[in-house]
Amino acid sequence: MRNYTENIIEAENLVKKFGDFTANDRLNFQVKKGEIFGFLGANGAGKTTAIKILCGLWLPTSGNIKVAGFDVYKQREKIKRNIGYMSQKFSLYEDLTVKENFRFYGGIYRMRSGDIREKTGFFLKKLDLEKSGDTVLSSIPLGWKQKLAFSIAIMHDPKIVFLDEPTGGVDPVTRRQFWDMIYETAHNGITVFVTTHYMDEAEYCDRVSIMVDGKIEALDTPGNLKEKFRVESMNEVFIKLARKK
Amino acid sequence: MKRFWSFVIKEFYHIFRDRKTLLILFGLPVTLILIFGYVIRSEIKDANIAIYDPSKDEITKDISNKLLASDYFNLVENVQNIQEIDDIFKKGVVREIIVFESDFARKLEQNGEASIQLIADASDANTANLVVNYTRAIIFDYMNELNRNNPNPLQILAEPRMVYNEEMKGAYMFVPGTMALILMLVSALMTSISIVREKEMGTMEVLLVSPLKPAQIILGKVTPYVTLSLINAVTIILLGYFVFGVPIHGSVFLLLAECMLFILLALSLGLLISTLTSSQRAAMFISLFSLMLPTILLSGFIFPVENMPEILQWLSVIVPPKYFIIIIKDIMLKGVGMSFVWKETLVLIGMTTIFILLSIRKFKIRLD
Amino acid sequence: MRTILFILQKEFIQIFRNKTMLPIIFIMPLVQMLVLVYTATLEMKNIEVVVVDRDLSQTSRELTAKFDGSEFFIIRGSTFDLKEAEDMLRENKADLIINIPDDFERQLFREGNVKVQLQINAINATAAGLTNAYATSIIADFNRHIITESINMVKPVQMKKINVASSFWYNPELNYKIYMLPGILVILVTIIGMFLTALNLVREKEMGTIEQINVTPIKKYQFIAGKLIPFWIIALFELAFGLTIGKVIFDIPMEGNLLVLFAFAAIYLLAMLGLGLFISTFSSTQQQVMFIAFFFFLTFVMMSGIFTPVESMPEWAQKVNVVNPFAYFIKVNRMNLLKGSGFWDFRQEFLALGIYAIAALSLAVWKYRKVV
């Protein structure tokens with residue numbers, strides 16, 4: 001277990017309301033630089049809302065939130081330069097080839113052409129997709145697409161990468177490989193903020209927060225949480241929390 | 001059956017939740033009818049003219065005054081130099097220049113004749129033709145007045161009677177035309193797009209594996225559009241009747257039945273297009289180009305089909321709105337019944353059947 | 001700037017990779033142009049006539065022959081029964097009934113005048129007006145003819161005569177094709193440019209890819225420019241292509257400076273495409289954007305004077321046309337191609353559309369939200 005000190009995300013009383021509905025109710029948490037932060041919760045608990053606010057896609061209703069040292073109200077464009085994002089819905093271009101997708105996103109992040117080529121080669125080699133560089137994305141299996149989306153989200157070396165249910169709908173082997181990629185990313189100093197509802201995945205995180213109905217009900221390392229609730233697995237932690245409601 | 005209705009209701013929700021589309025869906029026919037009713041005039045009014053009059057005598061002044069006293073013309077400038085004509089036209093304001101010959105009155109008195117030249121800007125050929133005809137008519141009137149004291153000894157007088165439309169209202173043309181256009185738009189275009197959308201978003205597969213039969217899915221998708229189309233048709237008929245005085249001489253029941261038939265035809269066309277395409281964009285462009293523009297131009301909506309070259313008249317045979325417009329005009333304006341429009345009705349039924357069969361075949365091929 | 005290039009590259013790849021796009025952009029509109037150019041004529045030919053001649057005299061036969069000989073009319077039948085003729089009118093078998101009374105010739109020579117009734121199907125008021133004008137002028141000609149024929153029967157009189165000659169500049173044969181083609185071309189270029197641009201942006205919303213774009217540090221204007229420029233280029237190319245076809249097939253005149261025309265088209269397209277993008281920024285589905293764009297497009301076209309003279313419209317409608325970019329381009333296109341008007345003649349139109357383009361694009365950039 002490594003030690004993390006510096007805060008890279010600070011959320012203080014984050015509130016997001018849609019009309020009468022409160023999607024995020026006074027969330028307080030800090031994410032440390034370089035850690036893998038698991039953001040857990042059932043469907044509809046408010047995970048995606050929070051992640052969209054942290055990425056600068058949505059404005060919060062109230063609260064003080066800083067991402068990579070920048071304010072989400074006033075410095076969203078600066079935040080965006082320092083983050084990567086992979087959304088729940090697969091959102092690379094299906095009608096572009098693998099390489100063209102890399103090239104496009106690299107270009108938007110103002111990477112130099114040489115760097116884009118280098119990174120593309122690096123990721124294709126790592127994913128063992130060198131032969132598929134000129135294949136359009138629509139004819140690539142979902143598992144590979146997810147890994148590609150993740151690669152593209154980190155190709156510009158962001159400080160933080162946000163992953164919104166990255167492993168939804170993929171097989172256990174691919175999930176395992178995906179988590180290997182996450183570890184490697186964190187090892188390279190990129191903070192990983194990941195939402196999931198697979199509780200076994202929660203075990204891989206340095207720290208997790210568990211959201212129920214828009215509120216954070218628990219926040220600690222998986223080990224401490226299991227100890228506190230006196231259970232064997234994160235799954236049981238989650239069930240206990242959900243039942244409490 | 002219950003499953004089917006819940007599906008239809010879902011489709012209605014889709015449409016009603018989209019306020020912007022709904023607003024336009026009902027706003028478009030009204031706007032179009034009002035534009036046609038109050039804006040588009042194919043007769044001449046206030047056409048800009050210039051006059052070149054080197055004579056400046058009683059007669060030329062009389063003629064000029066007579067022209068300008070009509071509502072048709074509006075004097076923009078008096079041309080001083082005949083060389084300026086090209087420059088004047090190039091500015092794009094003046095449509096016609098009236099050139100009197102010099103010594104006009106004297107020549108008319110002594111020689112019994114004098115000349116006027118009308119120079120029209122025919123870069124807008126239709127308008128130029130109309131403007132010249134109107135001018136000629138006024139000058140001829142004036143000439144007849146001059147000769148009033150010795151009338152033509154032998155004269156056949158034409159006594160025109162405008163049948164079916166004594167006041168020559170434009171609404172008699174555009175109300176049926178707008179109806180065809182709107183029904184085509186809502187039924188064919190909207191349907192094809194909404195079906196292709198399900199394909200594009202991948203939700204079509206979900207529907208296809210559901211216990212709903214494909215026919216039910218299609219019916220469920222089109223039912224709301226049938227309803228909307230009918231509401232639109234009735235709106236247009238009512239607007240025509242109350243605002244523009246377009247009568248309904250024939251049977252209202254038959255009229256609505258024919259509308260329904262045309263809606264079915266348009267739906268089957270929309271269905272066919274949706275089986276042929278896989279993206280909303282393609283569906284939209286095929287509908288726009290193969291349905292909308294021909295409906296506007298080939299169906300006799302603005303320009304009478306009889307005037308078009310032979311090839312186009314042949315082509316217009318396959319344009320469904322053509323038959324619909326004939327039927328609607330016959331029923332509303334001539335007050336005839338089924339015995340007069342059975343041929344056109346049969347053509348529409350035939351087309352609908354063909355389109356439905358074609359789409360079923362296409363649909364099956366896709367599923368195999 | 002480099003960012004915009006990356007977006008452009010991506011857009012062009014997407015456009016040309018899609019197999020349906022090329023036919024949509026280039027083949028369909030041109031086929032349409034070739035067909036539709038023939039449709040827009042008010043010239044009437046072959047008006048179908050049924051004659052009810054109960055006189056059957058020499059004069060009545062001559063009058064009928066005169067109609068038959070005219071290129072405007074075709075005699076579809078003759079009958080003694082007015083009822084039968086009226087049925088033909090009702091069945092769309094004829095549009096004009098010439099009703100000659102049984103005492104026609106005798107009355108003409110005895111009283112000096114006689115009436116002939118013309119019953120015209122007036123459902124299409126415009127066509128009816130023209131039918132009436134043609135028929136009346138044939139009868140007027142015929143009057144002159146019988147006076148000279150029967151010169152020995154009646155005393156000739158001295159008449160004052162005003163000769164009216166007419167000449168049609170820029171299009172002496174009143175060829176409606178060269179008049180319609182610039183108009184149809186503007187319609188097609190507008191449909192392609194405006195609709196494709198608007199649909200393209202909403203498609204990214206529908207597919208969810210826009211979210212991935214919105215988390216990047218891309219500037220709003222860069223994104224809008226990247227969405228605008230591809231279709232702007234395509235539309236300009238389409239205009240050039242259409243003009244070439246028009247020149248080759250219909251031999252449309254190109255009197256003016258084409259550079260001025262393309263400069264104007266470039267500004268016009270910025271305005272229209274900007275409007276398309278603006279519409280797409282507040283729409284969420286392609287169906288919605290298409291419908292709203294179609295509404296504007298149809299209103300613009302109908303009010304622009306493409307088919308009918310603008311001066312005939314009521315004052316308020318002419319004022320509305322101040323904000324109708326389509327009207328400006330129709331006017332400029334015709335003036336430039338057919339009359340050779342130059343930049344100075346269009347300076348007001350240039351200015352107006354320039355302001356329009358800036359406004360539309362600013363609105364689009366302003367309304368496009370990277371954050372909700």
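Which helix of chain C makes a right-handed β-α-β unit with β1(C) and β2(C)? The helix is α3(C), residues 58-69. Welcome to this structure, which is a predicted model.

**How the chains meet**

- Two pairs of chains touch, and of these the pair of chains B and C has the most contacts.
- Chain A and chain B do not touch, and their nearest C-alpha atoms lie 12 Å apart.

**The sheet of chain A**

- Chain A holds an open sheet of four strands, in the order β2-β1-β4-β5, and the pairing is antiparallel.
- At the edges are β2(A), residues 21-32, and β5(A), residues 70-71, each of which pairs on one side only.
- Eight bridges link β1(A), residues 7-18, to β2(A) in the antiparallel sense.
- Across this part of the sheet, F18(A) stands opposite F21(A), which belongs to β2(A).

**A sheet built from chains B and C**

- Here is a sheet with strands from two chains: an open sheet of five strands runs in the order β2(B)-β1(B)-β3(B)-β4(B)-β5(C), with mixed pairing.
- Its edge strands are β2(B), residues 73-78, and β5(C), residues 161-169, and each pairs on one side only.
- On average, neighbouring strands of this sheet are turned by 25 degrees against each other, direction ignored.
- Strand β1(B), residues 47-52, runs parallel to β2(B), and five bridges join the two.
- One of the residues to look for is A50(B), whose bridge partner in β2(B) is E77(B).
- Helix α5(B), residues 104-111, packs on this sheet, touching β3(B) (96-100) and β4(B) (113-121).
- The direction of α5(B) makes about 135 degrees with that of β4(B).

**The β-α-β unit of chain C**

- The two strands of the unit in the opening question are β1(C), residues 47-53, and β2(C), residues 73-79, which pair in the parallel sense over six bridges.
- Within this pairing, V52(C) stands opposite T79(C) of β2(C).

**Helices of chain B**

- Helix α1(B) covers residues 2-17, which is 16 residues, and reaches 22 Å from its first C-alpha to its last, close to the 22 Å expected at 1.5 Å a residue.
- The number of buried residues among the 16 of α1(B) is zero, so this helix lies largely in the open.
- Helices α10(B), residues 252-276, and α13(B), residues 320-334, pack at an angle of about 175 degrees, with axes 10 Å apart.
- Because angles over 145 degrees count as roughly antiparallel, α10(B) is roughly antiparallel to α13(B).
- From α10(B), the contact is made by L254(B), L255(B), E258(B), F262(B) and L265(B).
- From α13(B), the partners are P320(B), F324(B), I327(B), I328(B), I331(B) and M332(B).

**A closer look at K240(A)**

- K240(A) lies in helix α9(A), which spans residues 234-244.
- Is K240(A) buried, exposed or partly exposed? K240(A) counts as partly exposed because it has 16 C-beta neighbours inside 10 Å.
- Leaving out residues up to four places away in sequence, K240(A) touches F229(A) and V231(A).
- F229(A) is 11 residues from K240(A) in sequence, and their C-alpha atoms are 8.0 Å apart in space.

Key. Residues are numbered from 1 along each chain as its sequence is written. Chains are lettered from A and ligands numbered from 1 in the order in which they are written. This is a predicted model: local features need pLDDT of at least 70, side-chain atom pairs count only at pLDDT 80 or more; totals for chains, interfaces and linings use all residues. Two strands pair if DSSP finds at least two bridges between them. A crossover is right-handed if, with the strands pointing away from the viewer, the path from the first strand over the helix to the second runs clockwise. The expected span of a helix is 1.5 Å times one less than its number of residues. A residue is buried if 20 or more other C-beta atoms lie within 10 Å of its own, exposed if 12 or fewer, and partly exposed in between; C-beta atoms are placed from the backbone. Axes are lines fitted to C-alpha atoms, for helices over the stretch in contact, and angles run from 0 to 180 degrees between N-to-C directions. Angles under 35 degrees count as roughly parallel, over 145 as roughly antiparallel, 65 to 115 as roughly perpendicular and the rest as oblique. Two residues are in contact if their C-beta atoms, placed from the backbone, lie within 7 Å.
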